[in-house]
Amino acid sequence: MTRFALTVVRHGQTRLNKEKVIQGQGVDEPLSETGFKQAAAAGIFLNNVKFTHVFSSDLMRTKQTVRGILEKNKCCQDMTVKFDSRLRERVKMRGIDFFEFLCQLIWKEADKKEHCSLETPSNCLETSLAEIFPLGKNCASKFNSDSSTPELVASVLVVSHGAYMKSLFGYFLNDLECSLPETLSKSELTSVSANTGISLFIINFEKEREAKPTVQCVCMNLQDHLREMTETC
């Protein structure tokens, strides 16, 4: 079995978000001043997390958000971001296509590593996530209760859009029967994330292509990093 972590972050606030205007793909709006602050706050929250792959939608608001996150990261400031139009708003099949592509990418890389010398110990990936994500009301108590479960082979950061995330998470729940923390309801899983809301999933899949991956939701639309911003306003 191959396991990897998938951290999904919605872009920071834009002027149109504040005005409650739907942007979609046709409006390439930049972040507002608040949006830049939210991205920096998310980056500080995630600053010790070791990511092995970083993907972002190719629209301006997500590019600016991922840049703000990585600028604060102690491990990944110089990491190359792969911009992918499949991470834009609203089309479910593009979301599934990207997820299947990601699973294939991780599987191929993990298969190669079995025949090569190891690079970053994979237990470091899990440790860096476990330091922050067990905290908060919408988090599972632990990543892995079974010591025989394989370690993570990758930790992926994806920065995308609210409607895309809602569609992808709905696919996880309805098609892949995603397991949820006890405190998280199905309605919360299908709600639209707040700006820079952070969600974490552990993906497990077998090498046989016919087998569907299993998905564990560790946390959903986490906003702990925004508390200090709210308190200072």
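Helices (H or I, at least four residues) and strands (E, at least two) are DSSP runs, numbered from the N terminus. The model on screen is predicted: local features need pLDDT of at least 70, side-chain atom pairs count only at pLDDT 80 or more, and totals for chains, interfaces and linings use all residues. Residues are numbered from 1 along each chain as its sequence is written, and side-chain values use heavy atoms, with hydrogens and water left out.

**Stop 1: the whole chain**

Show the chain as a cartoon. It has 8 helices and 6 strands. Followed along the sequence, these elements come in the order β-α-α-β-α-β-α-α-β-α-α-β-β-α.

The accessible surface of the chain is about 11,500 Å², and carbon and sulfur atoms hold 49% of that. Such areas come from the Shrake-Rupley method with a 1.4 Å probe; for residues, only the protein chains shown count as cover.

Of the 233 residues in the chain, 52% are buried. Buried means under 20% relative accessible area, exposed means over 50%, and partly exposed lies in between (1.4 Å probe, protein chains only).

Contact means heavy atoms within 4.5 Å. Among contacts in the chain with a separation of 6 or more, 80% join residues 24 or more positions apart.

**Stop 2: strand β6**

Select Q216. This residue sits in strand β6, residues 214-222. Q216 counts as buried because its relative accessibility is 17%.

Most residues other than glycine have a negative phi. With a relative accessibility of 11%, N221 counts as buried.

**Stop 3: E177**

Go to E177, in the loop between α6 and α7. E177 is not a glycine, yet it has a positive phi of about 55°. Is E177 buried or exposed? At 66% relative accessibility, E177 counts as exposed.

**Stop 4: α4 against α6**

Select helix α4 (residues 92-113) and helix α6 (residues 162-174). They pack at an angle of about 65°, with their axes 9 Å apart. Axes are lines fitted to C-alpha atoms, for helices over the stretch in contact, and angles run from 0 to 180 degrees between N-to-C directions. At that angle α4 is roughly perpendicular to α6. Angles under 35 degrees count as roughly parallel, over 145 as roughly antiparallel, 65 to 115 as roughly perpendicular and the rest as oblique.

The crossing of α4 and α6 is right-handed. A crossing is right-handed if the near helix is turned clockwise from the far one by less than a right angle, and left-handed if anticlockwise.

Show side chains for the contact. On α4, pick K92, G95, I96, F98, F99 and E100; on α6, pick Y164, S167, L168, Y171 and F172. These contact residues divide into 7 nonpolar, 2 polar and 2 charged. Ala, Val, Leu, Ile, Met, Phe, Trp, Tyr, Cys and Pro count as nonpolar, Asp, Glu, Lys and Arg as charged, and the others, Gly among them, as polar.

**Stop 5: α2 against α3**

Next, select α2 and helix α3 (residues 60-71), whose axes come within 7 Å and cross at roughly 40°. That angle makes α2 oblique to α3. The crossing of α2 past α3 is right-handed. Here F36, A39, A40, A42 and G43 of α2 meet Q64, T65, G68 and I69 of α3. This contact has 5 nonpolar residues, 4 polar and no charged.

**Stop 6**

Move to L31, in the loop between α1 (15-18) and α2 (33-45). L31 is buried, with 7% relative accessible area. Which residues does L31 touch, not counting those up to four places away in sequence? They are G12, Q13, T14, F36, R61, Q64 and T65. K63 is 32 residues from L31 in sequence and 9.6 Å away, C-alpha to C-alpha.

Then select T196, in the loop between α7 (186-189) and β5 (198-205). T196 counts as buried, at 0% relative accessibility. Leaving aside neighbours within four places in sequence, T196 is in contact with residues including V9, R10, H11, A39, A42, T65 and H225.

**Stop 7: helix α5**

Finish at L129, in helix α5 (residues 122-130). L129 is buried, with a relative accessible area of 0%.
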